[in-house]
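How are two packed helices described? By the angle between their axes and the distance between the axes. Here is a short report on helix packing.

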Amino acid sequence: STLKVKDPRNNSEEVSSALAVHHTPQKGRHLVATRDIEPGEVLVVEESQASFVLHNSTLRSHCSHCLVRVTVPLPCPRCSLVVFCSSTCRKRALDTTGGHRLECEVLPVMVALQPDLDVALAFRVVAQTGILQLKQNIQLLTTKGIINSLEDNNMEKARDSVGEIVDNVNKLKTKGIIANKKGNKSEKTKQKLILDINKLQYLLDETKDGYEFLYTLEGNYDQRTMDEKKEAGISAVILTKLLLLCPKFWNQEYNLFDVSQVRQEDIELLGDQITRLILNIQCNAHCVKELKLTAGKPLNSNQYNNIGYAVFNKLSLLNHSCTANCHQSSRGDCKVLYSVSSIARGEEVTMSYGERFVSHSKVERQKNIRHSYYFTCDCRACAQDWPVFENMALKFMLRCCKCAAPVDPATYKCKSCHLFHKNTKKGNKKDKKSHQQQKVPQNVYDAPTCQSDISKAWVGFNQAYENIEKYHADSEDRNRIEKLLSVMDKYAHLPNKPYIEAQEAFIRWFDLNSAASFTED
């Protein structure tokens with residue numbers, strides 16, 4: 001498959017070596033590029049930590065284990081509600097760690113209740129864990145210092161982040177990367193930061209089976225209203241009642257299942273964990289989407305269907321940006337993260353949480369982000385109040401290599417600092433003097449040459465776009481789009497419509513080359 005990480009980390013084939021985990025008090029855990037990243041690079045290919053198919057007709061059209069569209073459905077031997085794509089998926093779903101093994105007993109009730117997506121996903125997480133493993137996980141978190149004690153494991157006291165945990169069993173200490181307020185660091189401080197960065201990297205190498213990761217996701221508890229916490233608690237009570245109807249959930253801990261034999265402390269522990277999971281999942285889960293293709297219609301007229309909901313370990317490390325430099329495509333319960341613009345070494349790697357500047361105004365984005373994720377976005381699009389797509393410039397302008405303002409296409413002079421962007425053998429004394437006065441190096445790019453390079457790349461992009469519209473996009477088309485985005489990242493002033501169109505074409509290319517699409521007559 002072309003959708004593979006080409007330079008994976010030593011301990012993880014699903015993550016690129018171009019990524020590293022950093023931590024700051026302002027951003028929390030986040031990913032940073034360790035080298036320059038070109039557009040179109042696959043950075044993460046990750047299977048979900050937990051996922052489920054939507055509780056509607058999708059249960060009959062998509063595999064309940066891996067979420068891919070089913071061509072020859074295999075039924076569950078115990079219920080008539082779900083299907084599987086293969087005997088392998090069915091076996092995995094019904095084994096001791098499978099999501100459907102316990103869910104099977106109460107799925108009719110879940111379908112009738114139609115719980116919120118985060119509630120249903122929290123149930124799937126707990127159902128595939130079991131009470132015995134759940135208690136062992138909590139004991140492990142206590143030993144590591146993530147929870148001070150089993151009696152103290154409520155969500156307010158068991159605060160943040162896996163990235164801040166060190167080997168101190170008595171106390172949870174902050175070990176994140178904290179910048180010196182004066183801007184300079186002693187040699188000892190620098191060595192400490194290097195050490196702390198190295199401690200965070202295991203987050204990219206962990207296997208997908210990690211309850212610790214789910215437990216320590218950001219839930220924004222301090223920003224939640226009491227009503228929101230109560231709602232999560234009520235949902236947890238309902239799910240706990242349902243699990244009391246599932247003998248398989250308890251029989252690893254209790255030899256004979258009898259509700260009266262279940263200890264009250266176990267019920268309280270279960271309810272507490274479900275509540276925390278619901279709040280964590282609300283801020284970190286991903287919709288699993290499928291691109292619906294209709295024969296004879298252009299690609300841009302097709303729609304995406306939501307088929308499920310999932311939570312991912314590695315992808316949860318990415319912060320939001322309204323002008324994200326990465327995007328993701330679905331392959332069942334597997335996500336492919338790839339770059340849609342050039343990312344410089346040291347730059348943060350970001351994705352959109354759903355609100356993109358091309359389709360939503362700054363006011364809409366800020367309102368929705370604060371409501372759903374409890375922070376105010378300060379990305380470039382928000383800081384500069386970029387226009388939505390329909391209000392952008394139809395044609396691109398070059399970007400000044402000194403002040404980043406647009407360059408006049410007629411005069412080749414920056415509209416702000418008036419730097420002349422044209423090299424000529426004959427030269428122009430006035431323009432050369434201007435360069436010297438502004439202390440700009442003589443190797444200022446030649447605007448006509450750059451415009452020509454972008455125009456040539458645009459010809460190739462048009463060919464790729466035509467192929468994508470016909471649903472026949474190959475690796476050569478991927479290279480054509482990459483070339484256009486690379487040269488525009490280098491020279492073009494943003495935002496502009498051609499650049500956004502190239503990014504959208506890239507997204508469609510990845511969707512077409514994943515297992516996320518199907519064709520309807």
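## Packing around helix 16

Helix 15 and helix 16 cross in a left-handed way (the near helix is turned anticlockwise from the far one by less than a right angle; clockwise would be right-handed). This is a predicted model, where local features need pLDDT of at least 70, side-chain atom pairs count only at pLDDT 80 or more, and totals for chains, interfaces and linings use all residues. Residues are numbered from 1 along each chain as its sequence is written, and side-chain values use heavy atoms, leaving out hydrogens and water.

| Pair | Angle | Axis distance |
|---|---|---|
| Helix 15 (residues 475-491) and helix 16 | about 150 degrees | 10 Å |
| Helix 14 (residues 447-469) and helix 16 (residues 497-512) | about 40 degrees | 10 Å |

The angle makes helix 15 roughly antiparallel to helix 16. By contrast, helix 14 is oblique to helix 16. Angles under 35 degrees count as roughly parallel, over 145 as roughly antiparallel, 65 to 115 as roughly perpendicular and the rest as oblique. The crossing of helix 14 and helix 16 is left-handed.

Now the contacts (heavy atoms within 4.5 Å). Helix 14 uses Trp 458, Phe 461, Tyr 465 and Ile 468. Its partners on helix 16 include Pro 498, Ala 502 and Trp 509. This contact has nine nonpolar, no polar and two charged residues.

Between helix 15 and helix 16, the contact includes Ile 481, Leu 485 and Met 488 of helix 15. On the helix 16 side, Pro 498, Ala 502 and Trp 509 are among the residues. Here the classes are eleven nonpolar, two polar and four charged. Ala, Val, Leu, Ile, Met, Phe, Trp, Tyr, Cys and Pro count as nonpolar, Asp, Glu, Lys and Arg as charged, and the others, Gly among them, as polar.

Notes
Axes are lines fitted to C-alpha atoms, for helices over the stretch in contact, and angles run from 0 to 180 degrees between N-to-C directions. Helices (H or I, at least four residues) and strands (E, at least two) are DSSP runs, numbered from the N terminus.
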